[in-house]
Amino acid sequence: MCRQQPENEPEQHPKEENSGMVDVELGKFTSIDESLKKNKEGLTTYCKVLIAVVILMVILGIILLVITLTMQEQTEWPQCLGMDGDACCDFITQKSSDVKNCYVIPEGSFTIKNYDLSRVWVVVEESTNMVTKIPGRG
């Protein structure tokens with residue numbers, strides 16, 4: 001296989017395949033440029049598909065973030081500080097459709113310790129019925 005051909009013998013070329021391998025018998029090399037030219041079209045198609053997938057994933061992430069931020073219900077109402085307790089309860093039930101129970105209680109009152117997202121405790125000063133603590137779910 002690795003012999004030199006005499007000058008008067010015609011060269012015999014086996015079936016050439018463009019595999020980028022060395023043809024030891026003939027000492028021929030396939031150019032890397034030739035391989036890249038043939039694969040360039042396939043490579044650019046792959047890159048276009050990859051870029052499209054990345055763009056779609058970014059768009060989907062942005063949509064999910066917007067949905068999460070807009071659908072998130074309020075958990076505290078600092079604007080109620082200083083309001084009348086009953087007016088605060090009305091305000092909270094109008095703004096949050098999922099609040100089923102809103103209780104006005106005087107400062108220092110005992111409350112149930114189980115956590116309920118549909119319940120709001122509004123703590124007021126007993127003599128003035130003014131909200132003294134930021135109402136929150138629970």
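Reader: Is Cys 89 buried or exposed?

Author: Please bear in mind that this is a predicted model. A residue is called buried when its relative accessible area is under 20%. Cys 89 has a relative accessible area of 8%, and therefore counts as buried. The residue lies in helix H2.

Reader: With which residues is Cys 89 in contact, leaving aside its neighbours within four places in sequence?

Author: Those residues are Cys 102, Tyr 103, Val 104 and Val 122. As for Val 120, the C-alpha atoms of this residue and Cys 89 are 8.2 Å apart in space, with a separation of 31 residues in sequence.

Reader: Which residues form a salt bridge?

Author: Side chains of opposite charge can pair when their charged atoms come close. Here the structure holds one salt bridge. Asp 98 pairs with Arg 137, and their closest N and O atoms are 3.2 Å apart. The bridge links distant parts of the chain, the two residues being 39 residues apart. Asp 98 sits in the loop between helix H2 and strand E1, whereas Arg 137 belongs to strand E3. Asp 98 is partly exposed at 30% relative accessibility, while Arg 137 is buried at 9%.

Reader: Which residues make the nonpolar surface patch?

Author: The patch is made by Ile 51, Ile 55, Leu 56, Ile 59, Leu 60, Ile 63, Leu 64 and Ile 67, and has an area of about 760 Å². One of its members, Ile 63, is placed in helix H1, residues 32-71. A relative accessible area of 44% makes Ile 63 partly exposed.

How values were computed: Residues are numbered from 1 along each chain as its sequence is written. This is a predicted model: local features need pLDDT of at least 70, side-chain atom pairs count only at pLDDT 80 or more; totals for chains, interfaces and linings use all residues. Side-chain values use heavy atoms; hydrogens and water are left out. A salt bridge is a side-chain nitrogen of Lys or Arg within 4 Å of a carboxyl oxygen of Asp or Glu. Helices (H or I, at least four residues) and strands (E, at least two) are DSSP runs, numbered from the N terminus. Buried means under 20% relative accessible area, exposed over 50%, partly exposed in between (1.4 Å probe, protein chains only). Patches are made of residues with over 30% relative accessible area and no salt bridge: like charges are joined within 9 Å, nonpolar side chains (Val, Leu, Ile, Met, Phe, Trp, Tyr) within 5 Å. Accessible areas come from the Shrake-Rupley method with a 1.4 Å probe; for residues, only the protein chains shown count as cover. Contact means heavy atoms within 4.5 Å.
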